[in-house]
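This report describes a structure for a reader who is new to it. The sequence and the structure come first, and the description follows.

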Amino acid sequence: MIRVESLAKRFGAVQAVRDVTFEAADGRVTGLLGPNGAGKTTTLRMISTLVAPDAGRIEIDGIDPAREPLAARERLGLLSDARGLYARLTARENIAYYGELRGLGRDRIDAAIAAIAPQLELGPLLDRRTDGFSQGERMKVAIARALVHDPRNVVLDEPTNGLDVRSTRSLREAIRLLRESGKCVLFSSHVMQEVAALCDEIVIVAGGTVVAAGTPAAIRARAGCEDLEEAFVRLAGEPGDDR
Amino acid sequence: MKPRLAVVFLKEIRDALRDRRTALMILVASVLTGPVTLILVASFVSGLEERASTLRVRIAGAENAPALVNFLERADVEIEKAPSDYLARVKEGALDAVIVVPEDFHERWLAHEEARVELVHDDSRTESGPATRQAERLLAAFNRETAYLRLMARGVSPSLNESTKVERVNTATPRQRGAVLLFLIPMFGILAPLLGGMTVAIDSTAGERERGSLEPLLANPVPARVFAIGKWLASWASATAVVTLTMAGFLAAARLYAEKRLPSLLNFGVPELAAFLAVIVPLAAFTSALQLLISTYGRSYREAQTYVSYLATVASFVPLVVMFSGAKEQGWQLAVPVLGQLMVLQRVLRGDGLSSADALVPAAVALVLAGLAVAAVARLLRDERIVFGRA
């Protein structure tokens, strides 16, 4: 469970995040939806403890990352905005490195890889060096790396970027499996269909502020239109778009 | 469960071992640069001594100076007739020095008049120096003998002619001469860790940023200092490996080649190797940490490489400055990284004993500075501006 309250962050002259409040519950998929530059990535970076908020509170399973960053990171699996791999290591070695950094033994890492690989169709890639992987292949390895320690909370920043249709479908399947096993899944996207296809909850962010939040049905009702995309455009275009 | 520090260290080492740049650098540093330079210098130097050690003079117009020829033959000197175009040959360096005897030499010599010879040489060629000085010495000896005999013939003590007798005592032991010539070994000793630690330092910091792997890495529940220390240790290990290989290369070259040609020049054996490593490995701790710190500021591998190469330039200037300024060794220099190591390494090569300060001060300074640099790296890794590029 991830709870975020009145987050704010400024980089120099740019107020990246103004006022973001939402809650991502366990066993649900929460989508952070917004146009480019809305403050989604900065919000996720603050949740993952990589950026310190100027104001506001974060809670991850009741832990305050500002006070206990390591404990908070323990409970997160993060697919960050940057998702570089080590080109001279194989996919398996890349994933295992993160497993070891999280204190997992060899057996648990092997078991985790064996469990994740079929979901993401990683099998044939595992023992190849990641140099020369396609963008989609790299993304899959990065997602596997984020999930190797079976985290309670999964944070994915634009996870479908660069994936082809088939990979996108297998990723959606993997996210549904995570939800079924009771995890808290929070992901960001600027693609309406993506969010519509997966999310139980939608948080629409624009200009660093939450402009709407709720179930897809509630969002539609609030915007006063049947089409989610139309609702998104109307709501996201509303206040504080100063960029 | 492996300790996190070991996990970071081993990953960086594995990554580096698979890097072709590392392999190339190790090859260049250890196999080529050091030993090849050593062999070139050794053969150059031994060439110099060889030229001078066989006594040989070239004379143009030897038939005009039978007395001189007689003297030289008695002194077991090989006399060669100079070709007629000796002037041009000396100029182009084919001949080192030629004694030119004019036609009236013998007559004047017999008449006890001033008999001139010319010594033709080219001052601008250092390699002709020994042969020129040798010819000068032989002529001076001939002069002395002539004067001696003439004074004797007149019943005068020959010692009148020589109020001061100069005997040369060269205090430079052969070993010291070698150390002066082999200024190069300490210099390579200083440069080897810079070369050896560079790739890992850059790749594990600026490289991580460039690949976009730094952000997810730092999201792991591992304190930033563990990453800083692990990466530093990996780059130190790489530097140490290159230093060891370079020095072993010198040892091999000294054993196989230089010892036969010039035993006096190169006294670089296992004890010297051990002393070198004891001095350079702590220095490598510092240079690697500094490289890591500098590269952490680089947004790309290229950019970091540029910054780091400035460091190598500065470090390689130090030996040159010491060499050309003739700076006297002073205590405080021991505490200056690179300068202190250079001093101690030269003492090792000269065969001087090392005091405990020599051994400990440079190492202690290097390790303390390394610690500070690594702490600074850990700080930077927690800095948003570094992790996410310059905002």
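## Chain B

In chain B, 76% of the contacts with a separation of 6 or more are between residues 24 or more positions apart; two residues are in contact if their C-beta atoms, placed from the backbone, lie within 7 Å. The model is a predicted one, in which local features need pLDDT of at least 70, side-chain atom pairs count only at pLDDT 80 or more, and totals for chains, interfaces and linings use all residues. Residues are numbered from 1 along each chain as its sequence is written, while chains are lettered from A and ligands numbered from 1 in the order in which they are written.

Chain B has 16 helices and four strands. Helices (H or I, at least four residues) and strands (E, at least two) are DSSP runs, numbered from the N terminus. Of its 391 residues, 39% are buried. A residue is buried if 20 or more other C-beta atoms lie within 10 Å of its own, exposed if 12 or fewer, and partly exposed in between, with C-beta atoms placed from the backbone.

Thr246(B) belongs to helix α11 (residues 224-261) of chain B. Thr246(B) has 28 other C-beta atoms within 10 Å and is therefore buried. From Thr246(B) to Trp232(B) there are 14 residues in sequence and 21 Å in space, C-alpha to C-alpha.

Val338(B) lies in the loop between α13 (301-325) and α14 (339-350) of chain B. Its phi is positive, about 75°, although Val338(B) is not a glycine. Val338(B) counts as buried because it has 23 C-beta neighbours inside 10 Å.

## Chain A

Chain A contains nine helices and nine strands. Its radius of gyration, taken over C-alpha atoms, is 18 Å, close to the 18 Å that the globule rule (2.2 Å times the number of residues to the power 0.38) gives for 243 residues, so chain A is as compact as a globular protein of that length. The C-alpha trace of chain A spans about 50 × 40 × 35 Å along its principal axes.

Of the 243 residues in chain A, 51% are buried. Among its contacts between residues at least 6 apart in sequence, 70% join residues at least 24 apart. Asp61(A) is in the loop between β4 (55-60) and α2 of chain A. Asp61(A) has a positive phi, near 50°, and is a residue other than glycine. Asp61(A) counts as partly exposed because it has 16 C-beta neighbours inside 10 Å.

## A helix pair in chain A

Two packed helices are described by the angle between their axes and the distance between the axes. Helix α8 (residues 216-223) and helix α9 (residues 228-236) of chain A pack at about 60°, with their axes 9 Å apart. Axes are lines fitted to C-alpha atoms, for helices over the stretch in contact, and angles run from 0 to 180 degrees between N-to-C directions. α8(A) and α9(A) are therefore oblique to each other; angles under 35 degrees count as roughly parallel, over 145 as roughly antiparallel, 65 to 115 as roughly perpendicular and the rest as oblique.

The contact is made by Pro216(A), Ile219(A), Arg220(A) and Ala223(A) of α8(A) with Leu228(A), Ala231(A), Arg234(A) and Leu235(A) of α9(A).

## Where the chains meet

In the contact between the chains, 25 residues of chain A meet 22 residues of chain B. On the side of chain A that touches chain B, α2 (69-74) and α3 (91-101) each supply at least two residues. α3(A) gives the most, with four residues.
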